[in-house]
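Colleague: I have a structure open and would like to go through it with you. Can we take it step by step?

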Amino acid sequence: MGVKTDSPKEVRPEVADKKVLGLSKDSWIYTFLGLGFVLTTLDFLMAFLVSPLVLGAKVSGVRVIGGAIVQNQLLFSQKIFYFHVPVALGSFLVFFFTAFYGVRFLMTKDKIYDTKAKIATEVTLLFVILTLITGDLWTRFEWGQWWVWEPRLTTYFIMTLLVIAYFVLRNSIEDEERRATYAAVFGIVAFLDAPISFAITRMIPSSVHPVVLRSGGGLLPTQLIPFLSGLFGMLMIAWVIYQVRLKEEVLRERVEAVKAALEDDLTADAPTFTSFAKPETPGQS
Amino acid sequence: MSAAAVQQRRAGRGLSWRQFKAILRKDIVMELRTKEMVTSMGIYAMLTLVIYQVALSQSGAAFDPRRIAAGLLWLAFVFTSMLGLNRSFVHEKDQGCLEALLLSPVDRPVIFLAKAIGNLLFLLIVEIIMIPFFSFLFLQQGSYQGEFWMIPLSLLGGSIGIAGVGTMLATMSVNTKGKDFVLAVLFIPLMYPLLLACVSATTAGVLGGDGHIQQFWTGMAAIGAYDAIMIAAAWALYEFILGA
Amino acid sequence: MDPVLAEIYRTVFDAAPYVIAAYGLLWVGLGGYVFFVLHRLSGVEREIAVLEESVARRS
C-alpha cells in the first residue's frame, strides 16, 4: 500500500501575490481571522459590560443598584463562562476532526488526511491547554486551590495527556505510512476515550472532592449572545489556524521536494524543479 | 505457528475458531516452557509491594491501609500489565512470529482476540497470586467487612479492558523507537477512566459499608461500558495496525 | 462603605484578578498562536522565494 500524494494543483505556491506575513493580502483567511477576532472581542466586551452578574447567596439586606433591587451577592467569577465554555466546546469539536480525518485516512490511505489530522490535533492541544488554564483560574478562586480533581478539569487534563501522547507516538515512528496509520488509530481511540473519561469521572463518586453540578438553566439573550459569538469567533480562529498550518505543511513538503531535486540537479536536470520554476496552469499549455 | 499453518488448509466452518485456538495455544505452550511472562510479571509485582511498604512506612499506626488497598492493587496491576504487554509483543517481534502470522491467511480480528485472551490469562494468573500476598503483607490488622465476591468480579472486568486495549496499544508501541516508554504514554491516559471505575468497584468490595452495593454496580457499569466501547474500537482498528 | 453593598460585591473584587487573568491568558494564547503560525508560513514562503531565485539563476 503506497501513500498517495495529493494532486499538484493544490500545492502550487502562489508566489506572485503580495504578501502580509506569508498570506496574500486579500486572502479569505484574513477575512475569517478578522471576523474571529471581532466576534471574540464582542464576546469579551459584552461579557463584562452587558451581561448581568449572576446572583449568588442572599445578603442580609436589600439595595438598589442601577434601578434594580439586589438582595443577593453578585458573582463575578461566573464571567469566565463566556470564555471558558466556548474554548472547551471548541477543543472538543476540533478533536472530533482528529478522529474524523483519522477515519478518512484509514479509508483512503491518502497522506493529506494524515496531515489534516495532525494539524487538527495541534489546534486541539492549544485549545485544551487554554481550557485547562482558564478552568484552573476559576478553580483557584472558587475553591481556593490551584488544582482540584473535579470531573471537568480531570477530563481536560487527561485529554491534554492523550493529545501529547498522540505527538509522542508520531515522533517515535520513522516510517511515514506506519506513523500515519498508528496516529489515525490512536486519534480515533483517544477521541472515544475523552467522553468516556468525562462520564466516568462524574459517575464515580470521589471521596476527595464533591462533584460540582452547575445547573444549565435558561440563558438570557444578553448571556447567550456573547457566549455564541465567543464560540463562533473561537471556532473561526481555530479554522484559520488549521488552514494556515495546512498551507504551511503542504508548502513545506513542496520545498523539500524542490530541495531534493536541486541537489539531484548538480549532476542532471531534474524535471520536477524545472516544472516548479514555471508552473503550468491548466489551460495555458 | 505450524499448527496455524496446518489448520489453515482445512477450510469450512469453525476455521476462525481453530485459528484462534492455535494462536492462543502457541502463547500458552511457550509460556509453559519458558515461564517467562508470569515470573517476570510476578516478580515485578512483588517489587512493587516492597515500594508500597516504603511509601506507607511513615503513615503511622492510625492509618488504615484498607482504604487505599484497591488503589494500591490496581496500581501494581497497571504497571505489571504494561510490562507483560510489552514483553508479549517484543517476543513476537524478535522471533519474527508476528510477521509469520501476518503472512498466514489468518483473519486479523482472530489474531487480536487470541493475543488479547492470552494477555488476559497471564494478567489474571498474576493477579490471583498477588491478592493473597498483598493481603498477607498489608491487610492483617482489622477484620474484613466487605463482600468478597465483588473483588474477583471487578478484577476480571478491569483486566478485560486492560488486556483488550493494551493488546492494541502494545502492537503499536512495539513498532516504535520508544517501545515501553511509548506504551506507558499511550496506555495510562487511555486507561484512566477504566482504572477509576475499577478502584471504586474494588474498594466497595474491600471496605463494604454504606451504599457499597450501589458503588460497586456503578463501577461495574462504568467498567462494562468502557470495555464494550474500547474493545470494539480496538478490535475494529487492529486490522489497520497490523497492515501498516 | 455600606455593609450590605460590601456584602453584595464581596466576591467581585476577589474574583476579578483571576477572571481577568484567565481572559488575558486566553487572548495571549490564541493571538500568540495565530501570529506564530502566520510567521511560520511566511518563513516557508521566504524559503520558496530563495529557492525560486536559485532555480532561475541555474536555468
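Colleague: How much of chain B counts as buried?
Modeller: This is a predicted model. Of the 244 residues in chain B, 44% count as buried.

Colleague: And which elements is chain B built from, helices or strands?
Modeller: Chain B has nine helices and zero strands. Read from the N terminus, the order is α-α-α-α-α-α-α-α-α.

Colleague: What box do the C-alpha atoms fill?
Modeller: Along the principal axes, the C-alpha atoms of chain B fill roughly 65 × 35 × 30 Å.

Colleague: What share of the contacts in chain B with a separation of 6 or more is between residues 24 or more positions apart?
Modeller: That share is 84%.

Colleague: New topic. How many residues of chain A are in contact with chain B?
Modeller: 27 residues of chain A are in contact with 27 residues of chain B.

Colleague: Which element supplies the largest share on the chain A side?
Modeller: α6(A) does, with 16 residues. By class, that side of chain A has 20 nonpolar, four polar and three charged residues.

Colleague: Last one: how is chain A divided into domains?
Modeller: Domain 1 covers 16-52 + 220-279, and domain 2 covers 94-207. Their contact takes six residues from domain 1 of chain A and eight from domain 2 of chain A. On the domain 1 side, four are nonpolar, none polar and two charged.

How values were computed. Residues are numbered from 1 along each chain as its sequence is written. Chains are lettered from A and ligands numbered from 1 in the order in which they are written. This is a predicted model: local features need pLDDT of at least 70, side-chain atom pairs count only at pLDDT 80 or more; totals for chains, interfaces and linings use all residues. Domain bounds come from an automatic or database domain assignment. Two residues are in contact if their C-beta atoms, placed from the backbone, lie within 7 Å. Ala, Val, Leu, Ile, Met, Phe, Trp, Tyr, Cys and Pro count as nonpolar, Asp, Glu, Lys and Arg as charged, and the others, Gly among them, as polar. Helices (H or I, at least four residues) and strands (E, at least two) are DSSP runs, numbered from the N terminus. A residue is buried if 20 or more other C-beta atoms lie within 10 Å of its own, exposed if 12 or fewer, and partly exposed in between; C-beta atoms are placed from the backbone.
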